[in-house]
Amino acid sequence: MTVDDSNSGEDTPPPSDSAGYPTPHHDVDHTAEPTDDPLAIRLEQLILGAERRYTPFQAARTAGVSMDLASRFWRAMGFADIGQASALTEADVLALRRLAGLVEAGLLSEPMAIQVARSTGQTTARLAEWQIDSFLEGLTEPPEPGMTRTEVTYPLIELLLPELEEFLVYVWRRQLAAATGRVVQAADDEEMVDRRLAVGFADLVGFTRLTRRLEEEELGELVEAFETTSADLVAAHGGRLVKTLGDEVLYAVDDAGTAAEIALRLIETLKHDATMPALRVGIAFGTVTTRMGDVFGTTVNLASRLTSIAPKDTVLVDGAFAEELIRTGDAPASETEAAEAAAKAEKEGETAPEYRFGLRPMWQRPVRGLGVVEPWLLGRRES
């Protein structure tokens, strides 16, 4: 929705993000003309709950927001340029007022408000695309011969919209409650930003070859099954699925034991599916920077590198992760030590320590960009 606001009477600088860098989206001078298709306009009015009324400049002025700030908000939300077309509604004005109001009240800084707009826009854009591509498109197939999709779409969306909206708000509140709980349990303020987490990558082996062999529909079904299985397992064990990349998923967990359990269960589950290729997993433990729902840092990079060198259907972990499993009593320091402890316990009539996992050191090897690392092979430990 960013526009040429030469009519605003303000000296507006070139488009840039909150850090002041030029926005790549505006390197190309283009304007997305609003559609004039009658059904599309009716659907837009149904979904937005208001009619087109304002140009971008008029919407910014009505909201009491500078054109520059309005442009940055719209750009952050991912809206296309529409020039000076009268395509905005009261909902757009209200959204501007709310964001600007949070800044004026001192609840959010301007850069933070732009981050809120960007993270919300990116997340909901993906959700909306998925719902149209995978959900609504299938449901809007004409149920009876002679009916057009046009005749089906409007009443269907009219029925679905309030239900989907309520469900979206419910899930968001649940996720917000969980995320807030994790933050308030942090040991100190610094840990709220830079936290110590276990980060795991799970990668399908030979996926590139599969893309050449499978039909598009088969490939799509395989990716969906992999993502669904991964998401379910991660969530069931209290982890967080950070993102999916087709043949790869990234997850984060507060403790090493849970991360290990998720990794092994992923491999065990997919092994029973004849349609799935082999899986390999890499896990690292350490300080992680979180931003806009994503994770960054050396720990994340190390987990990714470990995945790339892991043999199929195995889990490789870094030394810090192995130490954490040993510290928490989830794995023995060595099998020799475990055997000695078991023999001593038996001799003294006590219960031997029980470990969920076993660790086997692998050969040290150089890892691109991270120097020499000593990976450990993770597995379940037999009783």
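Contact here means heavy atoms within 4.5 Å. With that rule, Val315 touches Ala263, Leu264, Ile267, Val281, Ile283, Trp376, Leu377 and Leu378, leaving aside residues up to four places away in sequence. Keep in mind that this is a predicted model, where local features need pLDDT of at least 70, side-chain atom pairs count only at pLDDT 80 or more, and totals for chains, interfaces and linings use all residues. Residues are numbered from 1 along each chain as its sequence is written, and side-chain values use heavy atoms, with hydrogens and water left out.

**Nonpolar cores**

- A nonpolar core is a set of buried Ala, Val, Leu, Ile, Met, Phe, Trp, Tyr and Cys residues joined through side-chain atoms within 4.5 Å; buried means under 20% relative accessible area, exposed over 50%, and partly exposed in between (1.4 Å probe, protein chains only).
- The largest core has 38 residues, and Val315 is one of those that touch the most other members, together with Tyr251, Leu279, Val281, Ile283, Phe321 and Leu378.
- Helix 10 (residues 256-271) gives this core its largest share, 9 residues; helices (H or I, at least four residues) and strands (E, at least two) are DSSP runs, numbered from the N terminus.
- There's also a second, separate core of 23 residues, with Ala59, Ile82, Leu99 and Ala117 among them.

**Helix 3 against helix 4**

- The axes of helix 3 (residues 67-77) and helix 4 (residues 90-104) come within 11 Å and cross at roughly 105°; axes are lines fitted to C-alpha atoms, for helices over the stretch in contact, with angles from 0 to 180 degrees between N-to-C directions.
- That makes helix 3 and helix 4 roughly perpendicular to each other (65 to 115 degrees; under 35 is roughly parallel, over 145 roughly antiparallel, the rest oblique).
- Ala70, Phe73, Trp74 and Met77 from helix 3 meet Leu96, Leu99 and Ala100 from helix 4.

**Salt bridges**

- A salt bridge is a side-chain nitrogen of Lys or Arg within 4 Å of a carboxyl oxygen of Asp or Glu, and the count by this rule is 13.
- Arg72 and Glu110 pair up at 2.5 Å, N to O; Arg72 sits in helix 3 and Glu110 in helix 5 (residues 110-139), so the bridge ties together parts 38 residues apart in sequence.
- Arg72 counts as buried at 15% relative accessibility, while Glu110, at 28%, counts as partly exposed.
- Glu268 and Arg380 form another bridge (2.7 Å, N to O), and because Glu268 lies in helix 10 and Arg380 in strand 10 (residues 376-380), this pair ties together parts 112 residues apart in sequence.
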